[in-house]
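I opened the model to look up a few things. My notes are below the view.

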Amino acid sequence: MASAVSSLSRSSGSAVRPLATRDATWVRYTLTAVALGFLALFLLLPLVAVFAEALRRGLGAYITALKDPDGLHALKLTLITAALAVPANLVFGVAAAWCIAKFTFPGKSVLITLIDLPFAVSPVISGLIYVLIFGAQGWYGQYLNAEAPWFPALQAWLIEQDFKIIFAVPGIVLATVFVTFPFVARELIPLMQQQGNDEEYAAITLGANGWQTFWNVTLPNIKWGLFYGVILCNARAMGEFGAVSVVSGHIRGETNTLPLHVEILYNEYQFVGAFAAASVLALLALVTLVLKSLVEWAHARRTA
Amino acid sequence: MSRSHRSVIPGFGLSLGLTITYLSLIVLLPLSAAFIKTSGLTWEEFKTAVFSPRVLASYRISFLASFAAASLNCVFGLIVAWVLVRYPFPGRRVVDALVDLPFALPTAVAGIALTALYAPNGWLGHWLDPIWSSFVHKLADVFPFVDWVGLLGAKLAFDRPGIFIALTFIGLPFVVRTLQPIIEELEPEFEEASASLGANRWQTITRVIFPQLLPALITGFAMAFARALGEYGSVVFISGNMPMRTEITPLLIITKLEQYDYAGATAIAVVMLVASFTLLLIINLLQKWSRRHHAV
Amino acid sequence: MSIIARNITKTFGAYTALNDVSLDVPEGKLVALLGPSGSGKTTLLRIIAGLEFSDPGSGRIDFHGTDVTDIPAGKRGVGFVFQHYALFRHMTVAQNIAFGLTVQPRRERQSAEQIQARVKELLKLIQLDDLGARYPTQLSGGQRQRVALARALAVQPKVLLLDEPFGALDARVRKDLRRWLRQFQREIGITTVFVTHDQEEALELADQVVVMNNAKIEQVGTPQEVYDQPASPFVIEFLGNVNRFAALGHPLPGAGPDVIYVRPHDVDIQRHYEGEHGVRVRVQHVFSAGNYGRVALVRLDNGDTIDAELSRVRLKELGLAAGDEAHVVFRHIRLFPAGAFVERDVAADDATPAVVDAGRDI
């Protein structure tokens with residue numbers, strides 16, 4: 001179901017059409033007005049509201065709110081989480097696309113469906129399943145409490161280090177990895193399938209080894225798709241709320257990511273603070289959209 | 001590796017091994033934990049967990065709101081996609097990029113922004129609420145289901161309409177992005193053929209164009225619906241979270257977790273997972289159908 | 001460098017692409033693998049290149065007496081030109097050509113200056129001296145084709161393999177390039193195998209034509225051999241136009257339903273004919289434009305259609321028009337009973353038919 005998320009393979013619409021396929025002028029104007037009105041109401045207005053609410057008490061209050069140490073810590077944690085989750089899914093995405101696009105093997109379509117699975121799972125459930133495994137009541141908790149565990153040294157070390165996964169940073173990263181799992185792979189698989197294997201074959205007949213072939217031939221061909229997938233993956237990683245909310249424990253200044261920080265401030269009626277933090281996230285979203293459009297534009301120009 | 005599986009392109013074992021390992025560790029194993037945990041329940045326990053009145057109410061709310069939001073997105077998504085592909089207007093590229101905003105904007109941000117707009121003292125809420133309530137009353141005189149779905153007397157935010165608004169925001173890009181490429185690839189020949197056979201524009205649209213878009217429209221609907229069912233972040237701020245009235249199923253899972261009722265939360269999660277996977281299956285079949293339909 | 005392929009079988013699931021195929025390519029020759037799509041010709045080429053492998057336990061590939069079956073494609077010393085060229089899109093023409101030289105292990109790699117010199121030399125060879133800085137998308141189809149060739153040659157391969165080298169080009173470019181390739185191959189004398197489905201291309205270009213059908217080799221021979229002495233009904237039908245009809249009047253003793261093949265240029269039309277081998281026909285249509293005249297005829301005895309080709313001078317001489325009746329005589333026919341075939345020359349003056357069949361008299 002991710003194909004709607006990834007749309008790099010889309011071409012941009014043709015501008016001039018023959019007469020038989022044109023609608024009457026009043027129809028065009030009406031439909032355009034309806035579409036723009038709907039988009040303004042549902043997309044533009046909420047975006048404007050974020051910045052307007054953040055600046056409601058003036059620029060000074062906004063800046064003060066941005067400098068909130070808990071907020072800065074939340075921003076830092078959000079960046080760390082993305083910095084861990086995105087590369088992990090990047091490596092996975094390239095490996096998955098490589099084996100799916102370059103080879104035939106039984107069970108391939110099942111594999112493609114399984115890669116899509118996290119998109120079909122509610123974010124809340126994405127967090128829940130990690131709680132089941134790593135929570136105090138979960139398998140990990142049982143292991144820590146086991147009387148005769150496997151690898152007693154590991155158990156002792158984990159207890160000594162007080163190594164927590166749930167209600168701690170590792171859980172947040174894991175849940176984020178789960179919800180952003182398919183982005184890069186979904187972008188690369190159709191792209192690499194469409195490009196075929198001929199250039200790789202050519203490189204190999206010319207004596208290139210596997211690594212040279214990937215680095216010099218495959219990678220330059222998929223770099224836009226890769227970048228595109230990374231942008232989408234990163235946006236989701238930084239913005240994820242539901243899954244992270246379940247595993248984080250909401251410890252202020254420790255396990256709060258920026259979206260969770262927004263929630264806390266909002267529930268405490270600190271609206272300027274909440275919207276100030278939200279405006280940072282909205283800005284990241286806008287950067288994402290701009291980058292995404294630039295990549296689409298560059299891609300369309302290359303394939304034209 | 002046996003010679004029959006030999007391939008000139010290297011890295012099959014490594015890439016497939018990495019893919020399957022990572023997929024198993026991150027996705028399959030954790031998901032199976034939910035099913036394993038639930039299999040520990042007796043049938044009675046499971047039934048109590050997933051069919052208690054409060055849970056049933058949450059299914060109903062989630063389902064109805066998601067269905068309604070996906071339906072509205074079909075109507076406006078179709079118009080937006082059509083306008084973006086067919087009618088050039090200044091700033092089209094900016095608008096086109098903006099359609100992806102719900103994908104890029106964190107759901108929590110969307111949630112508080114929509115709340116700020118539609119709350120009774122909000123930008124839109126303070127003058128839309130009265131219009132809405134008189135509209136609903138008039139509607140209820142004609143259609144009894146308005147009362148049945150609990151819209152009578154409901155304000156926009158902090159009540160059922162709020163859920164619907166949030167889910168509409170979340171689902172819009174799915175419909176638009178599914179339809180756009182199909183509209184782009186519509187061969188003008190079909191419309192020209194229709195026109196040359198004497199059909200007027202309306203007949204051409206309803207009888208030639210729309211049937212070609214239908215598979216994609218249904219796919220887009222299913223995607224928006226599936227996404228809406230699981231959505232949490234944008235809804236919790238605007239819905240008011242009243243049990244039996246505006247408590248969506250994902251929120252109920254969180255509530256159960258906060259009460260340390262892991263078994264109950266997991267049982268509901270399993271019901272949702274089964275529903276989601278069924279939807280995923282349907283979407284995959286729809287996309288196959290859509291591709292085949294479109295290829296002909 | 002000669003190429004020998006022995007007992008190559010290749011299956012893809014239930015589909016057999018090559019069924020126990022063996023082939024010898026003599027050193028320095030230009031050999032065409034000719035056949036319809038699905039005949040296995042591209043698979044054979046790719047197995048020679050090392051891009052595919054024959055089924056486990058089957059087959060062996062020798063280059064000049066050395067077994068290369070288990071040597072990977074990059075080490076076999078083959079230059080492969082892909083049907084759609086597979087030029088690296090993100091590299092310039094010069095970078096494309098240099099690629100094979102730059103990926104060699106550091107110890108064996110030539111210096112940057114040497115590589116540059118080699119690229120320059122190749123650019124000159126393919127007559128694209130000034131286009132080294134262009135990207136593949138900025139080239140025409142014919143130019144891309146030549147770049148692909150130069151790239152393959154840069155690593156000084158021992159054999160050159162081309163998959164449908166002219167398939168993606170328009171007719172005029174194709175003709176020019178064909179001539180260029182032929183001359184070029186003669187000059188450098190590299191053993192070359194190319195795949196084509198175009199019989200005209202194979203006959204015009206190759207020293208030796210390998211006709212393939214249904215995962216098997218039907219016939220190997222010089223262009224003249226395969227054209228004039230086709231080994232099977234498939235070969236005669238695939239190589240150029242041919243009239244095909246059931247034998248009448250001269251059934252072979254003991255054979256099944258015989259099929260007679262006559263090339264259109266072996267059909268002689270006569271206004272008045274007294275001999276024994278003539279067939280009465282009606283003229284259906286006369287095509288008088290083109291390099292030679294063509295006449296569509298219908299046999300009066302059984303309604304079969306016959307196509308005839310004759311010089312425009314002869315056509316004028318005959319002065320045929322649709323609806324006219326005439327006689328035709330076959331100068332040369334090939335007769336295929338079930339399993340075997342017979343060939344005979346029928347003298348235009350209607351002498352005793354000469355039988356030209358391997359070891360079998362009628």
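Ground rules first. I am working from a predicted model, where local features need pLDDT of at least 70, side-chain atom pairs count only at pLDDT 80 or more, and totals for chains, interfaces and linings use all residues. Residues are numbered from 1 along each chain as its sequence is written, while chains are lettered from A and ligands numbered from 1 in the order in which they are written.

**Domains.** I looked up how chain C is divided: domain 1 covers 3–238 and domain 2 covers 243–355. These bounds come from an automatic or database domain assignment. I read 40 Å between the C-alpha centres of domain 1 and domain 2 of chain C.

**Sheet.** I traced an open sheet of six strands in chain C, ordered β6-β7-β8-β3-β9-β10, with mixed pairing. Its edge strands are β6 and β10 of chain C, each pairing on one side only. On average, neighbouring strands are turned by 15 degrees against each other, direction ignored. Strands here are DSSP runs of E, at least two residues, and helices are runs of H or I, at least four residues, both numbered from the N terminus. Two strands pair if DSSP finds at least two bridges between them. I then checked β3 (residues 30–34) of chain C: four bridges join β3 to β9(C), and the two run parallel. C:V31 has C:Q208 in β9(C) as its bridge partner.

**Helix on the sheet.** I found α4 (residues 141–154) of chain C lying across β6 and β7 (159–163) of chain C. This helix runs at about 165 degrees to β6(C). Axes are lines fitted to C-alpha atoms, for helices over the stretch in contact, and angles run from 0 to 180 degrees between N-to-C directions.

**Contact of C with A.** I noted 17 residues from chain C and 14 residues from chain A in the contact (C-beta atoms, placed from the backbone, within 7 Å). On the chain C side, β6 (78–81) and α2 (93–102) each supply at least two residues. That side divides into eleven nonpolar, five polar and one charged. Ala, Val, Leu, Ile, Met, Phe, Trp, Tyr, Cys and Pro count as nonpolar, Asp, Glu, Lys and Arg as charged, and the others, Gly among them, as polar.

**Positive phi.** Most residues other than glycine have a negative phi. I found A:Y269 with phi near 65 degrees, in the loop between α13 (258–267) and α14 (271–303) of chain A. Is A:Y269 buried or exposed? A:Y269 counts as exposed because it has 8 C-beta neighbours inside 10 Å. C:N214 has phi near 50 degrees and lies in the loop between β9 (208–213) and β10 (216–221) of chain C. C:N214 counts as partly exposed, with 13 C-beta neighbours inside 10 Å. Buried takes 20 or more other C-beta atoms within 10 Å, exposed 12 or fewer, and partly exposed is in between, with C-beta atoms placed from the backbone.

Key:
Two residues are in contact if their C-beta atoms, placed from the backbone, lie within 7 Å.
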